[in-house]
Amino acid sequence: MTERLTVPLTMDLSWQYASGAAMERFCNGLQARRIEALRCGGCGRRYLPPRPMCGDCRLRLTQWVPVGDEGRLEAWTIVHLPILDGRTGETRPSPYGMGLIRLDGADTTLNHFLVESEPARLRIGLRVKAVWRKELLGAMDDILHFEVLP
Amino acid sequence: MRPVAIIGTGQTQHARCRDDLSQPELVREACLAALHDADVPPSDVDAVLISNMELFEGRAMPELWVGEAAFAARKPCMKVATGGTSGTSGCIAGFHQVASGLFDVVLVVGFEKHSEGHTQTGMALTDPFWDRAVASGALGNFALSVSQYMAERGVTEQHAAEVAVKARRNASNNPHAHLQMPDLTTDAVLSSRMLAHPLRLLDMCPQSDGACAIVIACETEARRRCARPAWVKAAVTRHDQPYLGDLGNRLAEMRTLREAARVAYEKAGIQQPLRDLDVAEIYEPVTYAELAWYEALGFCTDGDAGRLIEEGVTTMQGELPVNPSGGVLSTNPVGASGVIRVAEAALQIHGRGGERQVDGVRTALATGYGVYAWADAIILGEALQ
Amino acid sequence: MSAAQHKRPRIGVAGLGETGPVAADPRSIPEMVLHAVEAALDDAKLSFDAVDAVVTASVDLFDGLTASNVAVTEVVGAVMKPETRIAADGQCAFAHAACQIWAGAYKTVLVVAHGKPSMVPHQALTAWAMDPIHVQPLGVDFLVCAGLVAQALAGRDADAVSRWARTAAARRCAAMRRGVAGACTSDEVLASPAVATPLTEQMCAPLADAACAVVLRRLDEGDETDTRVLIQGVGHDLDVHSLGDRDLTSWNGLGRAYERACAQADVSTPSAFGVFEPACLYPHEEDLFTDAIGLDAAHLRESGNHNAALFSPEGGLFAGATPVAAGLSRVIASVRRLREDPQLERALAHGTWGPAGQGQAVSILEATT
C-alpha cells in the first residue's frame, strides 16, 4: 500500500483586535484592580463583559456599575487536558479547575480558573475570590485564578 | 413559507480520518449519493449551498475550492457557517431559496475534515479580551454547563451513560456512522477516561471527517420526482447572546431551543411531541445535552429527563426514538452534523432507513445546536397538510 | 433554471446605513456594525422589533474569530431571532435575504456585512482560499491571480495598461470626497510600484474598513411607506476554481449572474440601467464587467454623452474596498443614487469574491414613481 501523499501548510497569522470603548475602560480598570460592568437601562441586567448593547432590550449600554472581585461559584469543572498559559508560555499543571463565577454586582458570570482541583472540595454556591497577578497588564488573566473562601 | 420538500439524501462513510479523499472528494461523495437517492442528475440542480466551519481546517471561503465537487460550478452557490448549526442553517437557507421561487431544485451539502486541520486552534479564537486566555474550549464549557444542569434538574452520570449507550448502539445500525459500539455498556462509559468533570471520553462526541447532502425541491418538482417527499412543515432559528456567562444555566434554560421548538410545533400542528412526533434527530454534543434537550423540546417536563431515558422512551423500541442514526455522539463532522440531522429525519419519512428505520414515520423532528446556545428546529412531514 | 410561475411579492429597500470606508477604524467590529445598523433602521423609520430576521456576512479568518458572526449577534438585534450567516460577499447576503422574503418566511430582513482589513494583512489571508494542494503552496493569492488576468488582457491590447492608469486616476479623483486614498495622475499611477505586473500599487482600489446595513421589507397593500426603491432581480454564480480551466479574459460568471437577474427583472439590454455600481478592485476588472454584461463603454456618461448611464460615479471601490462588505456597499451606493436622482430608473449593483472574480453576484434595483 502506497503512503498517503499530504501537503503540509503552516498558518502564522496575527490579528490586531480593537477592544471597543467599553472593553477598553474595563481593561484599564483591571490595571487598577477595578472591575466594572454595564447595566442595562431597560432590564437592569449588569453585563460582564461590558459591550455596546443589551441584546435582549436592544438598548445601548451606558450605565457603569462597580463589581467586586469576589462572588459565587455558579458552575465548576476539573479539566484533565493540558492547556498553555498564554501569559507565561508554560503549560498549566493539569488537572486544573475552571468555574463560572458570578461576581458581586454582576448578573452574568465569568469563565475563569479555580485554584482548587479536587472535585470533593468544589460545589455550586461556594464563595470565591480573585487572586491577582503581581504584574497587571489590563487583561483578564491579570486575575491568575479564583480561590475558594473558607 | 411556500411548500418545499426534501426528495433525497446522501452521506459519506464518516470516520476519524478519511485520508483516502481530499476535501472536494469528500464533498463529491455525499453529493453523488444524495443526487442518486433523489434520482436527480447534476444538471437539474439549480443552486447549491455549502455548510462548513472552514476555520477548523484553516481555510477561508472553501466553496471556491470545493464548489465544483458539489456540482456548483457555473451555478448560484453560497456558503453558510454558524458553528454547529452550520448544517441546519444551510438546510433552512436551502428551504428559503427554493421557496423563493428562484430555484426549483437546490442541493445543500455540509462537510468537515477535522483530520486536515487543527480544530482546537480553530475553536480557540474566541473574544481575545474576554475569554481567550481564561477558557478551556468546548470541553470545559460543556462541563461547566453540565455541572449547573445536574444541580438544577437532578440528572446523574448514570443517566448520561445510558444516553451514550443508546447512541453508540443505534449507530451500529447505521452504515455511515463513525463510532459504532454495539456492545457498549454503562459501566464502560462510567469507567472511561475523565476529560473534564463530569464529562468522560464516552460522554463526548467525536471529531469526524464526513459530508452529508440533501436535495430540496419545490412542490411541483417534489411531486413529480419523489414518491414520498419529506415536506418541510416548519423551520425555525433562534440565536442568543454571545458569551457563555450570559446564558445562565445554559442547558437547563436553553431558551433558544425551547422557543424554536414551540414555534415549530405550532406551525406544524404538534401538540404533544411524544405522541405527535414519530422520530427525532436532535443535535446532542454531549450526553447530558440530550437529556436537557428532552426537556427543552417538551418530550417531558423539566426534571423528568432522567426518567425518560431510564424508561427507554427514546430508544428504538420506545414511544419516540431519538437519534436512530447514533446522533452527533457517534458522528460529528461539524459542518455536516446539522445536515445529517435533517437528512436522517428525511430518510425516515422516505422509508430508506434500512436497519435504523422506525416503523410508520409520518412526522420527524430535526434540531441543530451551535456555538453556546444557537438553535434550529425543523419539522418534516409525509403530507403537506 | 426555470423562473417561478408565481408572482413574487414586492421588496423595498427600506433603509440604508454604513460607516463609510476608513483606512483603519479604531472601533471594534460590534461598534462599527452597530453604527451601520442604527443608521439603517433610522433611515427605514423602523425599530429593532420590526425586524423579523437578520442575514449577516463575515468570514472567520478575516475577523480572526471563531464563528465570527457571534460578535455581531447583539448589535444586529438577532438575540432570540433568526440569523443566517453567509460567508461570502455581502451581495450574496442581500440576495439571500430577498429569497427569504420571497419565500414567505419573513416580512422584514436586515442585511449586514462588515470587513476590517486593517486588522491583518489581507492578501496573506486570501492565500488560504486557494486550492491548498496544487496552488496555495506556490504562493498564489488573489492579487497574484489578478495580475495573471491583467497580463492576459494586456497581452491582446497594447493600450490597455495606459487606459487602466487613466481609469484609476479618474476613479480616485471621483472618490476624493469620501475616499481613503488621495487622487493622483495617470502618470503617477503608472510610476507607482509594481505589485503584480502589469498592476501597479495605485491601480488597486485601496482596502478600507467598513460596515454596511440594509433593511429589506416586503411591501404589502396598505403599508404606509415612502420606500421608493425595489429589488427587481438578483443573480449569483460560482465559476470553476482552477484558473487553467477558465478563460481569464472573460467574466463568464458575471454574464450568467446578470442573465439570471435580468430574467427576473424583465430587462433585456444594459441600456435599461441609469447607473452601474460595479465592485471592481482594479481597472481591468471594469473591462471584464462591461464585456460580461454587454455594455458599450462609449455609451457611458464619462465618455461624454450627458444622457447616458453613470458608471461608478463616486469612484466605486476606489473610495475604499472592504472585503465581504464591498458588494453591499454597491447596493447602498446604487439606492442612494436612485433616491437622489429622479431621472434614474434602474441601477445594477455588483459584488464579487474569490480569485479572478470566481464568485459573482448582481442585483437590479428599480425606482418606483
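This is a predicted model: local features need pLDDT of at least 70, side-chain atom pairs count only at pLDDT 80 or more; totals for chains, interfaces and linings use all residues.

Colleague: What share of chain B is buried, and what makes a residue count as buried?

Modeller: A residue is buried if 20 or more other C-beta atoms lie within 10 Å of its own. In chain B, 70% of the 385 residues are buried.

Colleague: How many helices and strands does chain B have, and what share of its contacts join residues at least 24 apart?

Modeller: Chain B has 15 helices and 11 strands. Counting contacts between residues at least 6 apart in sequence, 79% join residues at least 24 apart.

Colleague: Now the neighbours. How do you know which residues of chain B touch chain A?

Modeller: Two residues are in contact if their C-beta atoms lie within 7 Å. With that cut-off, 27 residues from chain B and 32 residues from chain A take part. On the chain B side, α5 (137-153) and β5 (194-196) each supply at least two residues, and α5(B) gives the most, with eight. That side divides into 15 nonpolar, nine polar and three charged residues.

Colleague: And what does the contact of chain B with chain C consist of?

Modeller: It takes 50 residues from chain B and 53 residues from chain C. Several elements of chain B give two or more residues to it, including α2 (63-66), β3 (77-80) and α10 (255-268). The most come from α3(B), with five residues. By class, the chain B side has 21 nonpolar, 16 polar and 13 charged residues.

Colleague: Last one: at what angle do α3 and α10 of chain C cross?

Modeller: The axes of α3 (residues 90-102) and α10 (residues 326-340) of chain C cross at roughly 65° and come within 5 Å. The contact is made by C:Gly90, C:Gln91, C:Ala93 and C:Phe94 of α3(C) with C:Gly327, C:Leu328 and C:Val331 of α10(C).

Colleague: Why are three of those residues called polar?

Modeller: Gly counts as polar here, so C:Gly90 and C:Gly327 join C:Gln91 in that class. The contact has four nonpolar, three polar and no charged residues.

Terms used. Residues are numbered from 1 along each chain as its sequence is written. Chains are lettered from A and ligands numbered from 1 in the order in which they are written. Helices (H or I, at least four residues) and strands (E, at least two) are DSSP runs, numbered from the N terminus. A residue is buried if 20 or more other C-beta atoms lie within 10 Å of its own, exposed if 12 or fewer, and partly exposed in between; C-beta atoms are placed from the backbone. Axes are lines fitted to C-alpha atoms, for helices over the stretch in contact, and angles run from 0 to 180 degrees between N-to-C directions.
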